Amino acid sequence: MYYYLICILFVIFVKSSQAVINPSVGVVEGYYWTQDDAVNGQYGSYSFSDRQKLIQMMANNNLGVYWFSPQTVDVNALWNTQLLNEWTTIATLGSSLNVKIVYGIRPGWLDTSVFPSILARLQQIASAGITYYTVNFDDAEGVDTTSQQQKEVQLINYLQTNLPSMNLYSVLPFAYYQDMFSTKTKWQNALATINQVSSSIPFIFTGKEISPSTFQTSQFPTLSPSRPYKFFDNWIAGDTKDRISWGMIDGRVDSVIFTSQYGYFLNLAFPLERVPHHIYCLGLLATGSSTCSVSASATYWANYLNSNGFIHNGKTVTQVATALTNAINQDNYYNTIADMEAAFPALATIFSTAPGA
């Protein structure tokens, strides 16, 4: 009896000492992935299989929010039966792992006549079991006028009234970074109209620049009334098939951003096999660490590559991990993947050949 009591107490201790998923930190498929940048035939967004792997990887690294909002996929189009089934599977997986699934729509230039079709689209998304959505106005043409922003406010109010079963997770305004304007004051003035929506709705910003090298809370706008803010981090989103984002994401962002007071989203690069080291590092930042070990991140990456069939030609995980460590530490710019492979022969074919080939 005493032995079993000790075992039970040990299990309780182990579970209580494990890090828990941070519901304020996650990743976003928010990149531009055109067909010209296809990798092994994939473009637009991650494949269904890779999205499942990503969400599992996120849960393993204590990351609580997966946000889907790629720029080159028509996120407003109704799904066919296959896509509806796939997203139902994704929603079920996220729920089982305590990873929030957030679907971003991009209304673009608005007329009130399209409001019902946007509502119908979100109702289909909800039918898959997805209960969170964002409304994104970034990088859209013709949305910077006052009249358009007034329609944006109308749309958001319309959706909240007519879609109570879904939660508006955040809004990404057209003016999502300061350098679109000559001064911070002009930036804040440009946000005045969209700021008329409920002050409980978080706004998402990239800060002073589209892709800042560092980020502090002072880079958020000051709006009245105030509202919650979240940081959209573009640091690794290179939007090209030809390069890999080596540089680590730690040491760049105020630690408070990773707490419930704010919120953090890492915009990913493509394809998935090029970002495991960043997801591993983000998991550490999400659970209170301030730095990430390069060698540990590279080893995690190498193990992912090995488990998913990317390590070819008799190379070992140790060889690949060593090469990845060196590449991250050097953080050099290469024009093509071939140039990178020439610099690190142990990585040859890994990022240029389909898994299992």
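A residue is called buried when its relative accessible area is under 20%. Arg106 comes in at 13%, so it counts as buried. Keep in mind that this is a predicted model.

Arg106 sits in the loop between β3 (100-105) and α4 (115-127). What do its atoms touch? The side chain of Arg106 makes a polar contact of 2.6 Å with the side chain of Asp138. The Arg106 side chain also reaches the backbone oxygen of Pro70, at 3.5 Å.

## The annotated domain

The UniProt record, an unreviewed entry, lists residues 23-290 as "domain: GH84". Over residues 23-290, the chain is 29% helix and 16% strand.

How many salt bridges turn up in a search of the whole structure? There are five, and one of them pairs Glu29 with Arg51, where the closest N and O atoms are 3.0 Å apart. This pair links distant parts of the chain: Glu29 belongs to strand β1 (residues 22-29), Arg51 to helix α2 (residues 48-60), and they are 22 residues apart. Glu29 and Arg51 are both buried.

Another salt bridge joins Asp233 and Arg252, with 2.9 Å between the closest N and O atoms. Here too the pair links distant parts of the chain, with Asp233 in strand β7 and Arg252 in the loop between β7 and β8 (264-267), 19 residues apart. Are these two buried or exposed? Asp233 has 0% relative accessibility, so it is buried. Arg252 is at 7%, so it also falls under the 20% cut-off and counts as buried.

Asp179 and Lys208 meet through their side chains in a salt bridge, at 2.9 Å from N to O. Asp179 lies in the loop between β5 (167-172) and α6 (184-190), while Lys208 lies in the loop between β6 (203-205) and β7 (229-233), so this pair ties together parts that are 29 residues apart in sequence.

Why do Asp179 and Lys208 count as partly exposed? That label covers relative accessible areas between the 20% and 50% cut-offs. Asp179 has a relative accessible area of 38%, so it is partly exposed. Lys208, at 37%, is partly exposed because its value also lies in that range.

## The largest pocket

Rolling a probe the size of a water molecule over the atoms shows where empty space is left. In this model, the largest pocket holds about 350 Å³ of space.

Which residues lie nearest the centre of the largest pocket? They are Arg243, Ile244, Ser245, Trp246 and Asp331, out of a lining of 23 residues. Sorted by class, that lining has eleven nonpolar residues, seven polar ones and five charged ones.

## His277 in helix α7

His277 is part of helix α7 (residues 276-286). With a relative accessible area of 0%, His277 is under the 20% cut-off and therefore buried.

How far is His277 from Thr222? Along the chain they are 55 residues apart, and their C-alpha atoms are separated by 34 Å.

How values were computed
Residues numbered from 1 in each chain as written. Predicted model: local features only at pLDDT ≥ 70, side-chain atom pairs only at ≥ 80, totals over all residues. Heavy atoms only, no water. UniProt positions renumbered as here; feature names shortened; annotations may be inferred. Helix = DSSP H or I, 4+ residues; strand = E, 2+ residues; numbered from the N terminus. 1 Å grid on protein atoms, 1.4 Å probe; cavity = no way out; pocket = protein on both sides within 12 Å on 5 of 7 lines; lining within 4 Å. Points joined across faces, edges and corners; volume = space filled by probe spheres on them. Nonpolar A, V, L, I, M, F, W, Y, C, P; charged D, E, K, R; others polar. Salt bridge = Lys/Arg side-chain N within 4 Å of Asp/Glu carboxyl O. Buried < 20%, exposed > 50% of the residue type's maximum accessible area, 1.4 Å probe, protein only. Polar contact = N/O pair within 3.5 Å; in protein donor to acceptor, adjacent residues only side chain to side chain.
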